[in-house]
Amino acid sequence: MTSRFEPRLHVATRDELAGRVIAITGAGSGIGRAVALACAAHGAEVVLLGRTVTKLEKVYDEIIAAGGVEPVIAPLDLEKASAREYDAIAEAIGTRYGRLDGLLHNAGLLGDLSPIEHYDVPLWTRVMHVNVTAAFALTQVLLPLLRAAPDASVLFTSSSVGRRGRAYWGAYAVSKFAVEGLAQVLADELSGTTRVRVNSINPGGTRTAMRRAAYPAEVAESAPLPETITAAYVCLLGPGARGMSGQTVDAQAPA
Ligand code: NDP
């Protein structure tokens with residue numbers, strides 16, 4: 001009998017990510033915050049990317065209080081950032097570390113839950129920009145630093161509605177399909193010629209502000225806390241998934 005490799009069941013060693021520099025978008029809250037704390041707890045040097053500096057500062061303090069390596073705060077509004085701001089992030093990471101071992105595209109915008117027929121066009125553009133175009137642009141500008149790392153991992157955040165379309169999920173669902181496509185194209189381009197692996201992850205229903213906005217009537221406790229779903233992230237961003245690329249993974253067991 002062959003057993004399937006399940007990153008969500010991965011049990012990381014204490015120092016599994018030691019010596020790895022891992023950048024995380026949307027690191028100030030929800031799943032991004034939880035993954036940042038988990039990566040730091042396993043020894044990573046974390047670059048906290050996000051738009052709300054006060055939230056990033058709280059995560060910074062939590063990492064220091066837990067005895068983690070000092071992280072870096074890198075403010076970046078993915079909706080508004082100019083090319084120069086992207087370049088500045090790459091330059092800052094390059095100057096400090098000279099490489100990047102992990103990049104988690106976690107930040108996301110839900111937009112409206114409404115029929116395509118009535119979906120607001122400017123909102124559609126914003127959701128596609130934050131969820132897809134910004135992740136593409138950030139990957140592009142950081143690729144030289146990822147290539148400079150011995151075992152780099154790029155991880156995109158998908159969703160169940162990015163694998164099978166569902167009514168009223170509009171731009172969000174379409175953006176997650178695009179994210180899956182972006183991950184596949186990039187994984188194929190980089191396979192064989194680089195040591196950069198590229199995968200996508202579906203966190204599954206998780207108790208965050210986005211989940212509350214999408215399911216306002218749901219009993220909050222019915223979705224797991226972000227802290228409980230980080231095993232697959234740590235696995236994929238670290239040596240636990242070395243050699244794995246072009247895959248899409250679930251952070252939780254299927255419901
Ligand atoms: P949250 O709403 O809690 O967090 C979203 C994060 O994205 C926040 O840190 C937010 O920053 C950041 N963000 C939003 N817009 C921007 C922007 N313009 N620039 C920079 N950062 C931005 O949601 P989750 O933690 O739930 O979501 C994390 C990821 O997981 C998303 O990609 C989401 O689509 C995906 N996902 C979540 C599921 C769930 O059930 N929770 C299920 C499936 C997928 P700020 O706090 O400053 O607003």
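Modeller: A residue is called buried when its relative accessible area is under 20%, exposed when over 50%, and partly exposed in between, with a 1.4 Å probe and protein chains only. This is a predicted model, in which local features need pLDDT of at least 70 and side-chain atom pairs count only at pLDDT 80 or more, while totals for chains, interfaces and linings use all residues. Residues are numbered from 1 along each chain as its sequence is written, and side-chain values use heavy atoms, with hydrogens and water left out.

Colleague: Is Cys235 buried or exposed?

Modeller: Cys235 counts as buried, because its relative accessibility is 0%.

Colleague: And how many disulfides does the structure hold?

Modeller: It holds zero disulfides, a disulfide being a pair of cysteine sulfur atoms within 2.5 Å. The cysteine sulfur closest to that of Cys39 belongs to Cys235, and at 11 Å it is too far for a bond. Cys39 also counts as buried, because its relative accessibility is 0%.

Colleague: Which residues of H1 are buried?

Modeller: Cys39 is one of them, together with Ile31, Gly32, Ala34, Val35, Ala36, Ala38 and Ala40. Helices (H or I, at least four residues) and strands (E, at least two) are DSSP runs, numbered from the N terminus.

Colleague: What do those buried residues pack against?

Modeller: They pack against strands E1 (21-25), E2 (45-50) and E4 (102-105), and against helices H2 (53-65) and H7 (231-237). Contact here means heavy atoms within 4.5 Å.

Colleague: How far apart are the end C-alpha atoms of H1?

Modeller: They are 17 Å apart, which agrees with the 16 Å that twelve residues (30-41) should span at 1.5 Å a residue. The expected span is 1.5 Å times one less than the number of residues. H1 is followed by Gly43, which has a positive phi near 100 degrees.

Colleague: Changing topic, how many residues surround the ligand?

Modeller: There are 29, and the closest are Thr52, Lys55, Asn106, Tyr172 and Thr208. A residue is near a molecule or strand if one of its heavy atoms lies within 4 Å of it.

Colleague: Which polar side-chain atom lies 2.5 Å from an oxygen atom of the ligand?

Modeller: That atom belongs to Thr208. A backbone N or O atom of Thr206 lies 2.8 Å from a ligand oxygen atom. The elements giving two or more residues to the shell around the ligand are H1, helix H5 (170-190) and helix H6 (209-214).

Colleague: Which element gives the most?

Modeller: H6 does, with three residues.

Methods:
A polar contact is a pair of N or O atoms within 3.5 Å; within protein, one must be able to donate a hydrogen and the other to accept it, and residues adjacent in sequence count only if both atoms are side-chain atoms.
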